[in-house]
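Hi,

Here is the structure I promised to pass on. Have a look at it first, and then read my notes below.

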There are 2 protein chains.
Amino acid sequence: VTDARIAAARGGDARSVARLLSLVENGDPALPGVLTAVTDGRRARVIGLTGSPGVGKSTTTSALVGALRQRGERVAVLAVDPTSPFSGGALLGDRVRMAEHATDPGVFIRSMATRGHLGGLSAAAPQAIRLLEGLGFDTVLVETVGVGQSEIEVAASADTTVVLLAPGMGDGIQAAKAGILEIGDLFVVNKADREGAETTARELRHMVSLGDAAGGSAPWRPPVLLTVASSGQGIAELLTALDAHGAWLADSGAGEQRRQARAAAEIESLALTALRARIDAARLAELAAEVAAGRCDVFSAAEQLVATRG
Amino acid sequence: VTDARIAAARGGDARSVARLLSLVENGDPALPGVLTAVTDGRRARVIGLTGSPGVGKSTTTSALVGALRQRGERVAVLAVDPTSPFSGGALLGDRVRMAEHATDPGVFIRSMATRGHLGGLSAAAPQAIRLLEGLGFDTVLVETVGVGQSEIEVAASADTTVVLLAPGMGDGIQAAKAGILEIGDLFVVNKADREGAETTARELRHMVSLGDAAGGSAPWRPPVLLTVASSGQGIAELLTALDAHGAWLADSGAGEQRRQARAAAEIESLALTALRARIDAARLAELAAEVAAGRCDVFSAAEQLVATRG
């Protein structure tokens, strides 16, 4: 059944992709087997898009999907809202706005939640990305809301992170505060037909110029672009900039470095989960009682616990 | 040297206590040995005080210290500000306000930061408490700012958590939002000579009455007290309520249960840190490269990593 479903998903059957993705959301025990089955050297370009509500993330994502589809790429969109415990609900509006791609078999769109997923969103997002990669998507767009800790963690799963802003929201200064300068590989001032767009872009360029460029001998300076995603203005330039960052990642070796660092963090986290599961619960309870009574200190107790592992 | 310092600290030498506490702050490798040396069955009562800035935490703490000193107890105060990376600085004002106890050898006061401490505040606070316990303090008052995640974790280290509010700050409603009803064993409306104190207390009592009482057959209903800490009004009643909660913890078994659950969490966290340190870094890098290349999935890689542990 699984093999047939994977084949169907690779063939473009959205329902099969959705069924497999729900294994990630539910932390299903079948997930490791499925990930093993789909992992065969396929790689996808992962692009993260983040920004405050109202900056036009969905419109920009939709325009990018259109541009990537014109190249014949298979595209997956993961819309991730760490503040919402439900899939679908809060992001229904986004999906409606992306309705133009809803019937295109080369596009898969999914709002993602993490009911029951132990590691939360930061663990679920990389697994979902790996699954989509194995299912043969060329590009995975990961859309997150805001720039809180969860969003930064999700952004860390992307090869390229695009930070969206809108003019006149005081975003320039907020940006510096929220640490988005560190996570943005590209900055986009969307709704650039509104007043203040140039000012916001200038502020951003100034702040970017003050930051350290990544990449040592071949540094990458994040460009600041202006778009009006609703009319398609600037989308071609955004795609060109994304390609340029992709080429830089490949040429400088930074892309491979980032992927390996990400993989190491994921493996280590799963390994620690496995080690935690091996801890002898009865022995832990005994030691906790000793510590609570003041007869043993926590460090000695931890040492004994590690020594008595099965 | 350590034994002499521990003896001096137990004898009431504030400087020795401070030196030993800084081992916790700095995550010093000597800490486990010191904790082992001081752990000998001594137990302290740990009282957490939390609330927004301006509700009068330091004044209340200071008044409580005075009341406990009249009983002849040795008292330690840990002032913890998770938003401040420095000890001393941000909390200097607090220490000045507690100046009346500064020269009392039976009272130890320390602002705590967590430079360099790996597990952050939530790991450092319990270790500091255990150290003070081992140094012979009868009561440890832990004062935290606000009710964010870190504060809730710090409050979880206390036997009894007191939540302070002030009238007319819209605190009643904020309280419900911030989840303080769950962490408060006692609620204090301080500055009760101000307008709106009775209203705030009534709102709180109502909200408390809607919540689930802890403790099953012998439930504890958090009382709501009114104080004017600056004049000492209500402090004797607060101490009586603290004693009542202490008696309930002892009689119901809830205190022992809480202490054991806390100890188990601490031991497990230290054990996982130890296990993480044993992970073979070279093997992890190899596996990460395989995963990044799409030749191996993360779950298989984690399994192999756990299997190859030394």
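Below is what I found, going from the whole assembly down to single residues.

Before anything else, keep in mind that this is a predicted model.

Let's start with chain A. It has 14 helices and seven strands. Of its 310 residues, 52% are buried. If you take the contacts in chain A with a separation of 6 or more, 75% of them join residues 24 or more positions apart.

Now, how do the two chains relate? Chain A can be superposed on chain B by a rotation of 180 degrees with 0.1 Å of shift along the axis, and the RMSD is 0.1 Å. That is the relation of a two-fold axis. The interface fits in with this: 100% of the interface residues of chain A are interface residues in chain B too, so the copies meet through the same surface.

Next, the inside. In soluble globular proteins, nonpolar side chains tend to be buried together. Here the largest nonpolar core has 98 residues, and I267(A) and I267(B) have the most contacts inside it. What does I267(B) touch, leaving aside its neighbours within four places in sequence? The list is L284(A), L287(A), A288(A), V291(A), V298(A), A301(A), A302(A) and L305(A).

On the α3(A) side, L31(A), P32(A), L35(A) and T36(A) take part, and they meet V298(B), F299(B) and S300(B) of α14(B). The residues of this contact split into five nonpolar, two polar and no charged.

Finally, two single residues. Is G168(A) buried or exposed? G168(A) is exposed, because its relative accessible area is 67% and the cut-off for exposed is over 50%. You'll find G168(A) in the loop between β5 (160-165) and α8 (171-178) of chain A. Its C-alpha atom is 7.2 Å from that of A197(A), although the two are 29 residues apart along the chain.

Over in chain B, T200(B) sits in helix α10 (residues 197-210). T200(B) counts as buried, with a relative accessibility of 8%. Not counting residues up to four places away in sequence, T200(B) touches A166(B), P167(B), G168(B) and V189(B).

Happy browsing!

Notes:
Residues are numbered from 1 along each chain as its sequence is written. Chains are lettered from A and ligands numbered from 1 in the order in which they are written. This is a predicted model: local features need pLDDT of at least 70, side-chain atom pairs count only at pLDDT 80 or more; totals for chains, interfaces and linings use all residues. Side-chain values use heavy atoms; hydrogens and water are left out. Copies are superposed by least squares on the C-alpha atoms of residues with pLDDT of at least 70 in both. Contact means heavy atoms within 4.5 Å. A nonpolar core is a set of buried Ala, Val, Leu, Ile, Met, Phe, Trp, Tyr and Cys residues joined through side-chain atoms within 4.5 Å. Buried means under 20% relative accessible area, exposed over 50%, partly exposed in between (1.4 Å probe, protein chains only). Helices (H or I, at least four residues) and strands (E, at least two) are DSSP runs, numbered from the N terminus. Ala, Val, Leu, Ile, Met, Phe, Trp, Tyr, Cys and Pro count as nonpolar, Asp, Glu, Lys and Arg as charged, and the others, Gly among them, as polar.
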